[in-house]
Amino acid sequence: MAIDPITGHYYVPYVSPALQTTSSDSASAALEGIAQDEEGDSDSVTLSTQARGLDLNSLFADKVGRNGTVSLEDLEALGTQELDSFKDSLFALLKENGIDPTQTIELTIASDGRISVGNENSQKVSIEELVQGNPELEDQFKKAMSMLTLAAEGKEATEFQEAYKANPDGALSHYGYLFGTHLQGTAELSDQSSAIAFQRVSE
């Protein structure tokens, strides 16, 4: 992540594979930065001028404002909604294909963009093949993960922003881990619930 201390915008050069879906390939170029809305209390993701000419409804529904921003709260809520919908579709598909739906499934997006089962699920291969064989389901998961990851990155960026305003040297020391790393999300799914956990990994 890089900072422009004059504008207060934070730029994330790394684009999660979650953004690289067949329906939103250009979204990676569209995400310009993360900024605090000075007219209100909400934080937002700022979209580039190029992005405003794109059809972003598939990624952000109707939450893109006139100034090309999406609030982090809306982004997180949309991501959570999308992940819940994906979970329902996935477990219905598991039952249809005779795959045990009672085991918890941990899904993550590998560096090559493939969706993989991360825990010791006994039906790991079958689940991966099922998801990868359903492009719409695969895209839905990547869409959810892209929203939730960007929202989480945005929250950390705004915390850094506030700290930087008060004490630049101290902020750079405390939040140094943000530079040269990115968040990797893992979705933890059961037939009753869905959640996401993040860890920072080197780029």
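Which strands does helix H4 lie across, and at about what angle does H4 run to S8? H4 lies across S6, S8 and S9, and makes about 50 degrees with S8. This is a predicted model, where local features need pLDDT of at least 70 and side-chain atom pairs count only at pLDDT 80 or more, while totals for chains, interfaces and linings use all residues. Residues are numbered from 1 along each chain as its sequence is written, and side-chain values use heavy atoms, with hydrogens and water left out.

**The chain as a whole**

- You'll find 7 helices and 9 strands in the protein chain. Both are DSSP runs numbered from the N terminus: helices are H or I with at least four residues, strands are E with at least two.
- The chain has 203 residues, and 47% of them count as buried. Buried means under 20% relative accessible area, exposed means over 50%, and partly exposed is in between (1.4 Å probe, protein chains only).
- Take the contacts in the protein chain with a separation of 6 or more: residues 24 or more positions apart account for 54% of them. A contact here means heavy atoms within 4.5 Å.

- The mean pLDDT of the protein chain is 74, with 66% of its residues at 70 or more. That score is the predictor's confidence in each residue, from 0 to 100.
- Residues 1-40 have pLDDT below 50, and beyond near neighbours in sequence this stretch has 95 contacts in the model.
- Residues 47-56 are also below 50, and that stretch has 21 contacts beyond near neighbours in sequence.

**The sheet**

- Four strands make an open sheet in the order S7-S6-S8-S9, with antiparallel pairing. Two strands pair if DSSP finds at least two bridges between them.
- S7 and strand S9 (194-202) sit at the edges with a single partner strand each, so one side of each has no neighbour in the sheet.
- On average, neighbouring strands of this sheet are turned by 30 degrees against each other, direction ignored. For angles, axes are lines fitted to C-alpha atoms (for helices, over the stretch in contact), and values run from 0 to 180 degrees between N-to-C directions.
- S8 and S9 run antiparallel and are joined by 9 bridges; a hairpin links S8 to S9 through 4 residues.
- Along that pairing, Gly185 has Phe198 in S9 as its bridge partner, Gln184 stands opposite Gln199, and Thr186 stands opposite Ala197.
- Thr186 in S8 also stands opposite Thr108; S6 and S8 pair in the antiparallel sense over 4 bridges.
- H5 packs on the sheet too, touching S6 and S7, and its direction makes about 160 degrees with that of S7.

**The nonpolar cores**

- The largest nonpolar core has 22 residues, and Leu90, Leu107 and Phe141 touch the most other members. Such a core is a set of buried Ala, Val, Leu, Ile, Met, Phe, Trp, Tyr and Cys residues joined through side-chain atoms within 4.5 Å.
- Elements giving two or more residues to this core are helix H4 (72-96), strand S6 (105-109), strand S7 (115-117), helix H5 (124-132), helix H6 (135-166) and strand S8 (181-189). H4 gives the most, with 6 residues.
- Setting aside its neighbours within four places in sequence, Leu90 is in contact with Ile105, Leu107, Val131, Leu137 and Leu189.
- There's a second, separate core of 6 residues, including Leu75, Leu78, Met147 and Leu150.

**A closer look at S8 and Thr181**

- S8 is mostly covered, with 8 of its 9 residues buried.
- Thr181 is found in strand S8, and it counts as buried because its relative accessibility is 16%.
- Leaving aside neighbours within four places in sequence, Thr181 is in contact with Arg200, Val201, Ser202 and Glu203.
- Thr181 and Gln199 are 18 residues apart in sequence and 9.8 Å apart in space, C-alpha to C-alpha.
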